[in-house]
Protein chains: 2
Amino acid sequence: MAPVPHGHVTLVQVARWAGVSAQTVSNAVNNPERVAPATRERILAAVEELGYEPNLSARALRNRSSSLIAFKTRPARTDKASLLMDEFLYALNAAAAEAGYHLILCHAEDGSANEIKAYRDLLKKTSVDAFVLAETHRNDDRVSALRSWGVPFASFGRSWDGDEATSWVDVDGRAGTRAATEHVAAQGHRRIGHIGWPAESEIGSERREGWLEGCRGRELETDLQAAVADTLEAGRQAAHRMLDSSRPATALVCASDTLALGVLRALHERGLRPGADVAVTGFDDSPTAALVSPGLTTLHQPIDVVGRQLIQSIDNLLAGDPRDPQHVLLEPELIVRGSSLPGPPRQ
Amino acid sequence: MAPVPHGHVTLVQVARWAGVSAQTVSNAVNNPERVAPATRERILAAVEELGYEPNLSARALRNRSSSLIAFKTRPARTDKASLLMDEFLYALNAAAAEAGYHLILCHAEDGSANEIKAYRDLLKKTSVDAFVLAETHRNDDRVSALRSWGVPFASFGRSWDGDEATSWVDVDGRAGTRAATEHVAAQGHRRIGHIGWPAESEIGSERREGWLEGCRGRELETDLQAAVADTLEAGRQAAHRMLDSSRPATALVCASDTLALGVLRALHERGLRPGADVAVTGFDDSPTAALVSPGLTTLHQPIDVVGRQLIQSIDNLLAGDPRDPQHVLLEPELIVRGSSLPGPPRQ
DNA sequence: GTCACGGATTTTGACGTTAATAAGATGCAG
DNA sequence: CTGCATCTTATTAACGTCAAAATCCGTGAC
């Protein structure tokens with residue numbers, strides 16, 4: 001199986017074994033067409049036999065390219081419900097591995113200056129091939145920094161500055177929220193409120209737009225709306241306000257599961273039943289959404305597709321593919337659970 | 001600020017700038033004591049001025065050591081409440097960065113054979129310095145593989161085989177569960193049930209032991225116990241059984257937040273109030289625990305300490321530190337919320 | 001039979017770093 | 001003033017890989 005105990009097998013050893021020069025082995029591995037079929041076969045057999053794997057450090061040194069893709073993790077805020085970044089990281093890593101890349105993690109304290117410094121350091125030190133950004137926003141310093149360095153990158157989150165040159169993959173929050181709104185409207189709700197984020201948030205604005213579109217499509221009023229921080233407590237208070245209104249909401253479409261869970265808490269405090277009395281929807285399909293009683297209707301992001309697409313884009317970029325910047329907008333999937341359905345709460 | 005636009009700065013350039021040889025620059029950076037103070041100062045100024053960062057690929061090639069630590073991500077199971085691995089990854093990466101390492105992610109489909117293959121490939125290709133394992137279990141193939149290759153590693157999760165040679169960091173599930181049990185006993189509960197995992201799970205067994213110890217310390221009966229899969233549905237059903245008993249439980253101590261959420265669902269179905277009617281506790285302090293109503297009493301794992309300790313251990317290992325394998329058992333912290341307190345549910 | 005062509009293979013050198021070793025400078029004892 | 005130890009700096013070579021250039025060899029044209 002593994003005839004070599006340790007002592008990494010190198011090109012030269014394979015070459016000796018196959019009775020050719022090191023360069024020919026290199027060619028057999030990287031440019032098969034340059035090598036005569038018979039020789040190639042013999043070499044590949046040797047590679048197999050000896051368990052040769054090219055040394056990436058040497059390759060990186062020689063080629064100035066490491067097949068490393070960098071991604072910066074961020075603290076898992078425990079007051080948020082969403083596992084999105086965890087799932088994203090897994091999906092991204094799986095896609096990277098499939099395409100022959102490795103993911104290297106970057107660490108920086110909060111603040112884009114720190115982050116940019118960390119990127120630059122990593123770049124100098126390791127010749128990473130590309131970066132993946134997440135949670136981009138308007139006037140994102142990271143984008144301009146990476147662009148000014150000429151480093152390939154792709155982002156999970158569209159380029160909000162109308163920057164056509166950036167490859168990105170995003171999930172259509174507007175379409176998702178509209179779908180949620182139309183879903184509750186289809187259950188007969190006419191007073192549909194929206195609890196979202198402040199206007200500074202591009203993502204929040206998109207989701208609010210979706211709710212507006214959903215309401216307008218059915219000629220429903222859109223006076224019940226709140227723009228609050230993404231915390232459970234903020235959602236709870238906003239829900240109370242909308243239920244205290246003279247013409248209270250019978251459905252609340254939220255910009256996140258966290259906010260929706262705040263709504264559920266408010267309903268609980270008022271002795272109202274989610275679904276039966278007030279329909280509630282969230283966004284992100286966090287684990288919590290499936291675990292609360294009744295289950296929370298929410299929007300699921302096709303995160304594995306996002307990962308694959310980003311790697312795909314980076315692959316194109318690195319290959320110098322002419323049809324360069326790709327822009328991919330994916331539809332989230334509405335997951336209907338008890339919180340938006342009338343009748344006895346079901347799971 | 002950055003006088004060099006791109007074109008990585010190398011040792012030789014710094015050397016030229018400072019009027020010394022490349023080796024002297026290398027020494028100034030890595031072995032300051034070998035260089036005369038005045039020269040050192042001049043060189044470090046040049047390093048600063050030119051923004052020199054050592055190229056890790058070249059270093060890895062030369063030294064056969066990359067300052068890379070590998071960690072395998074696993075799929076984020078969306079039916080689980082816990083963000084533990086997400087938080088862990090962040091903590092580990094932060095600690096690694098602080099100590100001058102980088103985290104490289106490893107991908108493998110489920111199954112320890114795949115995982116071991118992935119480890120071996122990574123090792124051959126990148127000369128990673130060390131591995132971090134998580135969720136170790138009895139007869140863990142990964143441990144024997146890594147040991148047989150002579151690769152340094154440390155694990156989050158103790159070595160269940162009584163293997164003294166492995167460095168590990170773990171959280172004391174037994175002490176945690178005992179604390180939870182004693183906490184509900186202190187609220188006056190006398191019929192305390194336990195919903196945990198099957199005996200194959202070492203972690204589950206530890207937690208069950210903690211409950212047993214807590215009960216025995218107060219001479220309470222221990223007949224109400226269940227060993228089930230870690231799903232919400234299993235927790236729900238187990239709770240129903242224990243509440244259908246002729247002498248039903250008034251408190252349920254669970255091995256995970258997921259199970260505890262199943263219990264909450266069962267209570268909801270029965271019209272019982274968590275805390276007031278039946279005390280419930282979980283384990284892991286998942287985001288969900290803080291977000292449900294009432295909040296779920298649970299045990300918080302000091303995950304940042306785990307990360308730092310693991311990197312510390314690896315650092316020692318790599319330094320060839322003689323006081324080699326470190327074993328660190330940390331206490332989880334009991335977070336008391338409404339689900340285990342009598343009276344009106346509070347948050 | 002010579003020569004040009006082209007495919008297959010090898011040689012050479014460089015990527016940036018550092019261990020090992022050599023060389024140079026300084027000081028001090030004899 | 002010679003010789004030797006000490007401290008500092010420089011030279012050499014190697015880590016494994018691969019692009020570029022050089023070499024080799026067989027084919028076919030003239």
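The crossing of helix 8 of chain A and helix 9 of chain A is right-handed, a crossing being called right-handed if the near helix is turned clockwise from the far one by less than a right angle, and left-handed if anticlockwise. The model is a predicted one, in which local features need pLDDT of at least 70 and side-chain atom pairs count only at pLDDT 80 or more, whereas totals for chains, interfaces and linings use all residues. Residues are numbered from 1 along each chain as its sequence is written, while chains are lettered from A and ligands numbered from 1 in the order in which they are written.

**Helices that cross**

Helices (H or I, at least four residues) and strands (E, at least two) are DSSP runs, numbered from the N terminus. Their axes are lines fitted to C-alpha atoms, for helices over the stretch in contact, and the angles run from 0 to 180 degrees between N-to-C directions.

| Helix pair | Axes come within | Crossing angle |
|---|---|---|
| Helix 8 (residues 173-186) and helix 9 (residues 202-217) of chain A | 7 Å | roughly 35 degrees |
| Helix 5 (residues 84-98) and helix 13 (residues 303-318) of chain A | 8 Å | roughly 45 degrees |
| Helix 1 and helix 3 (residues 37-50) of chain B | 9 Å | roughly 125 degrees |

Where helix 8 of chain A meets helix 9 of chain A, the residues in contact (two residues whose C-beta atoms, placed from the backbone, lie within 7 Å) include Gly173(A), Thr177(A) and Ala185(A) from helix 8, and Ile203(A), Trp211(A) and Cys215(A) from helix 9. The residues of this contact divide into five nonpolar, six polar and seven charged, where Ala, Val, Leu, Ile, Met, Phe, Trp, Tyr, Cys and Pro count as nonpolar, Asp, Glu, Lys and Arg as charged, and the others, Gly among them, as polar.

Helix 5 of chain A and helix 13 of chain A also make a right-handed crossing. Given their angle, these two helices are therefore oblique to each other, since angles under 35 degrees count as roughly parallel, over 145 as roughly antiparallel, 65 to 115 as roughly perpendicular and the rest as oblique. Among the residues that make the contact are Leu84(A), Phe88(A) and Leu92(A) of helix 5 of chain A, together with Ile303(A), Val306(A) and Leu310(A) of helix 13 of chain A. By class, this contact has eleven nonpolar, one polar and three charged residues.

In chain B, helix 1 passes helix 3 in a right-handed crossing, and helix 1 of chain B and helix 3 of chain B are therefore oblique to each other. Gln13(B), Val14(B), Trp17(B) and Ala18(B) of helix 1 meet Arg42(B), Ile43(B), Ala46(B), Val47(B) and Leu50(B) of helix 3, and these residues comprise seven nonpolar, one polar and one charged.

**The two chains together**

Chain A is superposed on chain B by a rotation of 180 degrees with 0.0 Å of shift along its axis, at an RMSD of 0.0 Å, the copies being fitted by least squares on the C-alpha atoms of residues with pLDDT of at least 70 in both. This is the relation of a two-fold axis, and the same surface serves both copies, as 100% of the contact residues of chain A recur in chain B.

Between the chains, 50 residues of chain A are in contact with 50 residues of chain B. The elements of chain A that give two or more residues to this side include strand 2 (102-106), helix 6 (112-126) and helix 11 (257-270), but helix 5 of chain A gives the most, with eight residues. By class, the side of chain A that touches chain B has 25 nonpolar, 16 polar and nine charged residues.

**Backbone details in chain B**

Most residues other than glycine have a negative phi, and most peptide bonds are trans. Arg64(B), although not a glycine, has a positive phi of about 55 degrees, and Arg64(B) is found in the loop between helix 4 and strand 1 (68-72) of chain B. The peptide bond from Ser293(B) to Pro294(B) is cis, with omega near -10 degrees, and Pro294(B) has its place in the loop between helix 12 (287-291) and strand 10 (298-300) of chain B.
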